[in-house]
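Please open the model in a viewer and keep the selection tool at hand.

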Amino acid sequence: STLWEQAQKHLAWNMQIWAYSPACVQYKLIEMLTAEVCARPQLFREKVSVSFVLDMCRLCFYKSKPDKSAIPSELERGGTLCARPRKEMHRLRVQLLAVVNIMMHDEPTRVEIEAIVGLALHCKDDGLVQDVLRLLLQLSGGSSTRGEATVKHLNASGGLHLMLSCILNNT
């Protein structure tokens with residue numbers, strides 16, 4: 001891998017570092033990453049992975065207290081990750097999930113769909129669960145190949161049952 005790819009993986013994609021920066025900086029970073037992923041979605045799908053971006057959403061962009069193993073020294077010193085307003089957190093998270101959608105521009109794999117379903121199953125933040133369910137709906141309604149593959153993998157992993165349960169619990 002090139003030096004640029006290594007820098008992106010370890011700096012630009014290191015959301016555990018920049019999750020503490022002001023929201024305007026985070027928006028710019030996500031905008032830059034989105035442009036890079038749009039230019040080469042398959043490369044980022046292989047080098048960064050859908051699971052990694054989903055993990056960063058779970059660790060850095062949700063309303064409840066973050067996992068203390070994520071950034072222990074900052075949390076011990078009273079980091080401000082938890083203090084981000086809900087609307088801001090939601091907007092950042094939606095932008096990251098849009099990057100996942102772009103990365104999965106063609107047929108998703110079962111492992112990727114299971115990672116998305118797993119995030120929804122194990123997350124305690126209703127807002128994140130709703131955002132993940134929206135992503136699944138977008139993926140299943142995409143091109144015929146992508147939509148069919150998404151539904152097939154959702155069915156195989158119990159994801160359709162999850163979606164129905166979440167919808168029934170929110171009504």
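Predicted model: local features only at pLDDT ≥ 70, side-chain atom pairs only at ≥ 80, totals over all residues.

Residues are numbered from 1 along each chain as its sequence is written, and side-chain values use heavy atoms, with hydrogens and water left out.

**The core.** Select Trp13, Met15, Leu54, Phe61, Met103 and Ile116, the residues with the most contacts inside the largest nonpolar core, which has 43 residues. At least two residues of this core come from each of helix 2, helix 3, helix 5, helix 7, helix 8 (110–122) and helix 9. A nonpolar core is a set of buried Ala, Val, Leu, Ile, Met, Phe, Trp, Tyr and Cys residues joined through side-chain atoms within 4.5 Å. Buried means under 20% relative accessible area, exposed over 50%, and partly exposed in between (1.4 Å probe, protein chains only). Helices are DSSP runs (H or I, at least four residues), numbered from the N terminus.

**Helix 7.** Next select residues 86–103, which form helix 7. Its buried residues include Met89, Leu92, Arg93 and Met103. The buried residues of helix 7 pack against helix 2 (15–18), helix 3 (23–39), helix 4, helix 5 (50–60), helix 9 (126–140) and helix 10 (144–157).

**Helix 10.** Now select helix 10 and display Arg146, Gly147, Ala149, Thr150, His153 and Leu154, which are buried. They lie on the same side of helix 10 because they cover an arc of only 165° around the axis, the arc being that of the directions from the helix axis to the C-beta atoms. The face turned away from this buried side carries the exposed residues Ser144, Glu148, Lys152 and Asn155. After helix 10 comes Gly158, with a positive phi near 80°.

**Arg45.** Move to helix 4 (residues 41–47) and select Arg45. Is Arg45 buried or exposed? Arg45 counts as buried because its relative accessibility is 9%. The side chains of Arg45 and Glu112 are joined by a polar contact of 2.6 Å; such a contact is a pair of N or O atoms within 3.5 Å, and within protein one must be able to donate a hydrogen and the other to accept it, with residues adjacent in sequence counting only if both atoms are side-chain atoms. Leaving aside neighbours within four places in sequence, Arg45 is in contact (heavy atoms within 4.5 Å) with residues including Val50, Met103, Asp106 and Pro108.

**Ser49.** Finally, select Ser49 in the loop between helix 4 and helix 5. Its phi is positive, near 85°. Most residues other than glycine have a negative phi. Ser49 is partly exposed, at 23% relative accessibility.

Technical notes: Expected span 1.5 Å × (residues − 1).
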